[in-house]
Amino acid sequence: MIPSTDEVEEYFQSLENFLTDSLAAASPGFPNIREAVHRLWVDISRFGPPGLPSFPDIHVPGLGAFEVPPPPPPPPPPRTLVEKAGDWIIEHPWKSSSIVATALGAGLLAGYTTFRITHAHKRRVRSTTITPERRQVIVVLGGDHPLGLPLIIELEQKGYIVITSVSTPEAVSNIEGKGHGYVRALVLDPNEPGTIPIFLRSLASTLSRRFPITAAGDPYAATPYHPLLHSIISLLTLPTPSIHTAPTPIEQLSLRSTYLPHLLSTHFAPLQTLQALLPLLRADAQRACGRKSIIVCLPAADARVGLPFCGVSAMSAAATLRALDVLRREVAVGEGMSSIRIVAVDVGVVGESAVPNLANSQVMDEWTPSEKATYGQAYAALGETSMGQSRGPEDISVFVNNIVGVISAGTKTKMATKTICGIRIGVGYEKIRDWIRGDRFAVGAGAGTYTFASLLPGMLLDGLLSLPHILVGIRNRLLPMPPVQPPTVSIPTSTAVSVVLPSSSLTGNRTNTAPRPSPPEAAASLEQTEPLSEPEDISEHETSEADFESNSGDGDASTVESSWVSLGSRDH
């Protein structure tokens, strides 16, 4: 039987294993034959006789497939961080040079900041023994306003001399008692124009005295530190709720008894005072460096939008705002006035200031029946929507901080004290914010809303302001029992009366006859009256006939309280 190939290979494998095991068992310490022959030949070559011829190399054949391969070489050692950084610098020379320059600049800046902080601290330590002399004077018009006292106290704490105006002598001691010797209160009643010259004389006298006012000695003794006018703040242009600001339609508004006193106190008096103080502010601006400012506070709703039935305050605010715009442009082109800044502040709901109640039905008692029928529903709708009464007021500190930021150019606000690594980033933030908002900004709850609304197209804004009336009208139609509406006016044509006005109340000689729907009692009372309360509004017309409606008292429910007067022509 002939063995197969596998059997032959298996036989030779077993024979090889047998010989290897036998040889290893017979001579366990016997070295490898090839290595032994190689060492023998090396020894003979080194220590043998020199004359021996060189023998040819003896190549011992290997074991072939049974020879164990040599181990692989060890891997190279890992590259260090220094070697990697060196290679990256060689590959990116521009990036590496920019990094080195940045690191060098940051190191120099850090060293300079540390040096500056150290020496500034030493200067502060040395200056604690010297009391600094206050020279910058802030004039606050309307210090007895609800926002006036917190502003005055904060300005005094920031290192300013505050001279404020109050409307009554009783408020002088109250405000000066809250200060620490650097607050001076002078009387200026905006409703009495005769007090403005007295206030200006007292102001000039105050600027020549020493501060604090509680210091002993002669208050007018000579001093090298003369106070300089730094800023003017007007709170007189920010009216408080009064009988003059009660909501009323312009048709029913009395221009002489209602609008004129309000205009005198919120427009004429502040502007007249600013006229007198502007030369002094210009002169002091040339003596001392730094930016001066005139800050005028206005109600945001009146200055930005002008709400219905708020014509008194809206017209005054609009007039003052336009005067500020003209003054700002005049200051910009004037010589030596480039450092004076004119700022208008739109003030919303701030602090606990009272908000007029537009839903007060007693305001409509003085209206005529036709006015009640025309404006009554819209007036009631405006009152039901509250118009700011439900808005949460802004804290007074926010208003005060914004005013202080304008006066000090952002260096004395709360944010100005913020520092990072010794760098006062707060001052930079305040200057950027002041540059963005410009010479007119809004503060207080609702002021931003009115500012945004003023940017809308007129048609859209009028639609938004009439929205409360529309919604209330829809609600009244859907109610099962509509609310009571003001009575409508029906003008009868059966009766007539002739009224003759005195010739002194007219510009020319005219016969004044007109049909008037009124009972005989009302006619008799009108014939015995003096000239009408506002005849100048009629005498300015150039037409031969004019009809006007009187706003005297309400009559019986069945009669009409309006009197119709026709101005006829008279032969010359």
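Among contacts in the chain between residues at least 6 apart in sequence, what share joins residues at least 24 apart? The share is 67%, where contact means heavy atoms within 4.5 Å. This is a predicted model, in which local features need pLDDT of at least 70, side-chain atom pairs count only at pLDDT 80 or more, and totals for chains, interfaces and linings use all residues. Residues are numbered from 1 along each chain as its sequence is written, and side-chain values use heavy atoms, with hydrogens and water left out.

**Overall chain**
- The chain holds 18 helices and seven strands; these are DSSP runs numbered from the N terminus, with helices (H or I) of at least four residues and strands (E) of at least two.
- Of the 572 residues, 34% are buried (under 20% relative accessible area; exposed is over 50%, partly exposed in between; 1.4 Å probe, protein chains only).

**Nonpolar cores**
- The largest nonpolar core has 35 residues; such a core is a set of buried Ala, Val, Leu, Ile, Met, Phe, Trp, Tyr and Cys residues joined through side-chain atoms within 4.5 Å.
- Val139, Leu203, Ile232, Ile294 and Ile340 touch the most other members of this core.
- Elements giving two or more residues to this core include strand S1 (136–141), helix H7 (195–207) and helix H8 (255–287).
- H8 gives the largest share of this core, six residues.
- Another core, of 31 residues, lies apart from it; Val140, Val162, Val166 and Cys297 are among its residues.

**Tyr182**
- Tyr182 sits in the loop between helix H6 (170–178) and strand S3 (183–187).
- Tyr182 counts as buried because its relative accessible area is 15%.
- Leaving out residues up to four places away in sequence, Tyr182 touches Arg134, Glu156, Tyr160, Ile161, Val162, Phe211 and Pro212.
- Tyr160 lies 22 residues from Tyr182 along the chain, with 7.5 Å between their C-alpha atoms.

**Nonpolar surface patch**
- Leu460, Leu464, Leu467, Ile470, Leu471, Ile474 and Leu478 make a nonpolar surface patch of about 650 Å².
- Patch residues have over 30% relative accessible area and no salt bridge; like charges are joined within 9 Å, nonpolar side chains (Val, Leu, Ile, Met, Phe, Trp, Tyr) within 5 Å.
- A salt bridge puts a side-chain nitrogen of Lys or Arg within 4 Å of a carboxyl oxygen of Asp or Glu.
- Helix H15 (458–465) and helix H16 (467–478) each supply at least two patch residues, and H16 gives the largest share, five.
- Ile470 is in helix H16 and is partly exposed, because its relative accessibility is 42%.

Terms used:
Accessible areas come from the Shrake-Rupley method with a 1.4 Å probe; for residues, only the protein chains shown count as cover.
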